[in-house]
Amino acid sequence: MTPPSSRPTMRDVAERAGVSPKTVSNVLTGTAQVREPTRLRVEQAMRELDFVPNLSARGLRNGRSGVIGLAQPDLRAAFSASMTHAVVEAAHARGLVVQVEETAAEPARERDLVTRARTHLIDGMILNPVRLQDSVVEHLDHLPPIVLIGEVEQHRTDRVFINSRSAARDAVRHLLARGARRIVALGGAEHGAGLDKATQGQRLRGYLAGLAEAELPASPELQVEVPEWTIAGGAAGMREILERGAEFDAVLAFTDSIALGAMHELRSWGARLPEDVLVCGFDDVEHASFAGTPLTTIAFDHQAYANAALDLLTSRMRDRGLPPRAQEIPYELLARTSTQGPPAGFSGKNSPI
C-alpha cells in the first residue's frame with residue numbers, strides 16, 4: 001500500500017493492476033502493443049492511485065515529452081469545449097498531457113504547433129482544421145504524428161469524423177416528416193463564401209440534398225452564413241433571416257450553439273417553439289437537452305470520438321509507417337420537443353403566417 005505522503009510509482013500501479021512494471025511502461029509510452037483488457041486495467045489502477053507519470057524522466061529515456069497538442073478553431077463554441085474535455089480525459093488515461101491551442105482558422109498557429117513538435121516539445125497533434133488548403137496537412141511534406149478531427153477530407157494522415165452530409169440530410173428528412181416545408185439553413189449559403197470550409201460545406205450539401213430528395217426548392221432567402229458558430233452568432237444569423245421578412249417553418253442550425261442563439265432570437269420576435277417553428281441542431285452538446293425547449297439534434301458519442309483520435313495518434317507515434325486511416329463515428333438524430341410538429345410557420349413580419 002502506498003503511504004499517503006509518497007508519490008505513486010509505476011511499480012505501485014503494476015502491483016495494483018496485477019501486471020509487470022514493464023507493462024505499465026508500455027501503456028504509458030505506447031512503445032509496445034498491450035491487450036485492451038490489460039490496458040484498461042492499468043489505466044484504472046492509475047486513476048485509483050492518482051498516478052502522475054514523470055514526463056521529464058520518460059523524455060530522457062525515449063525521446064518523448066509525454067505531451068500532445070490539441071488545436072481547435074474556436075474554444076468558445078460548446079462543441080469545442082466538450083471535445084477538448086473528452087480528449088483531455090482520453091489522454092490522461094494514457095498518461096499523456098494535452099496542450100490546448102485555439103487556431104481561429106489561422107494556419108500560422110497550426111505551424112507553430114508543428115514547429116514545437118519537431119523540437120520534441122510535443123509528441124503528436126490532434127488538429128481540427130477549417131479548410132484543407134490552409135492547413136499544415138496540405139502544405140508541409142514532413143509532418144509529426146498527427147490526427148485530424150472534423151470533416152476535412154484528405155488522404156495524407158489519419159482522421160476521425162462523422163458523415164456530416166448524411167446527418168444534415170437526415171435532419172432535413174426529419175423536419176419534413178414533422179410537417180415543415182420551408183427550412184432555414186442557419187450556418188451556410190449555397191452562394192456564400194464559406195463553401196470551402198469543410199464542416200460548413202458538408203452540412204450545407206446535406207441540407208440541399210434533403211430538399212432535392214423531396215423535390216423542394218432551395219430558396220436563397222432561407223440560407224445564411226454564420227461567421228462565428230456561437231450562441232451570439234446564431235442569434236445574429238437568425239435576426240438576418242427575420243429582417244429579410246422571409247417566411248419559414250423550420251430551422252436547421254449547423255451547430256447546437258447556433259440553434260440556441262436562433263431559438264432566443266425567434267422568441268424575442270414572438271415565435272412559439274415548436275408551435276410556429278421547428279428547430280434542429282447539430283452535435284448534442286450538454287446544453288441541448290436543458291434548453292427551455294429541449295433541442296432536437298444530431299448526436300454522437302464525444303468520448304468515443306476522442307478515444308478514436310487518441311488510439312490513432314498513439315499507434316501513429318509507435319509506427320510512423322502505417323498507411324493513413326479514416327475512422328467514421330456513427331451518429332443518430334435525437335428527437336426532442338423542438339421538432340414536435342406540425343409547425344404553423346413564421347415570418348420576419350413578427351406574426352404567424
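Tutor: Helices here are DSSP runs of H or I, at least four residues long, and strands are E runs of at least two, both numbered from the N terminus. Glutamate 215 sits in the loop between helix 9 (198–213) and strand 7 (223–225). This is a predicted model: local features need pLDDT of at least 70, side-chain atom pairs count only at pLDDT 80 or more, and totals for chains, interfaces and linings use all residues. Residues are numbered from 1 along each chain as its sequence is written, and side-chain values use heavy atoms, with hydrogens and water left out.

Student: What makes glutamate 215 worth a mention?

Tutor: Its phi is positive, about 60 degrees, and it is not a glycine. Most residues other than glycine have a negative phi.

Student: Why is helix 5 called oblique to helix 12?

Tutor: Helix 5 (residues 78–93) packs against helix 12 (302–318) at about 55 degrees, with the axes 8 Å apart. Axes are lines fitted to C-alpha atoms, for helices over the stretch in contact, and angles run from 0 to 180 degrees between N-to-C directions. Under 35 degrees is roughly parallel, over 145 roughly antiparallel, 65 to 115 roughly perpendicular, and the rest oblique. Helix 5 is therefore oblique to helix 12.

Student: Which residues of helix 5 and helix 12 meet?

Tutor: Contact means heavy atoms within 4.5 Å. Among those meeting are Phe79, Ser82 and Met83 of helix 5, and His302, Gln303 and Tyr305 of helix 12. The contact residues divide into 9 nonpolar, 4 polar and 1 charged. Nonpolar covers Ala, Val, Leu, Ile, Met, Phe, Trp, Tyr, Cys and Pro; charged covers Asp, Glu, Lys and Arg; the others, Gly among them, are polar.

Student: How do you know what kind of pair phenylalanine 79 and phenylalanine 300 form?

Tutor: Start with the count: there are 3 aromatic pairs. Rings of Phe, Tyr and Trp (its six-membered ring) pair if their centres lie within 6.5 Å; planes under 30 degrees apart are stacked, over 60 edge-to-face, the rest tilted. Phenylalanine 79 and phenylalanine 300 are 5.8 Å centre to centre, with 65 degrees between the planes, and the pair is edge-to-face. Phenylalanine 79 lies in helix 5 and phenylalanine 300 in the loop between strand 11 (296–299) and helix 12, so the pair ties together parts 221 residues apart in sequence.

Student: What kind of peptide bond joins leucine 273 and proline 274?

Tutor: A cis one, with omega about 10 degrees. Proline 274 lies in the loop between helix 11 (256–268) and strand 10 (278–282). Another cis bond joins glycine 341 and proline 342, with omega about 5 degrees. Most peptide bonds are trans.
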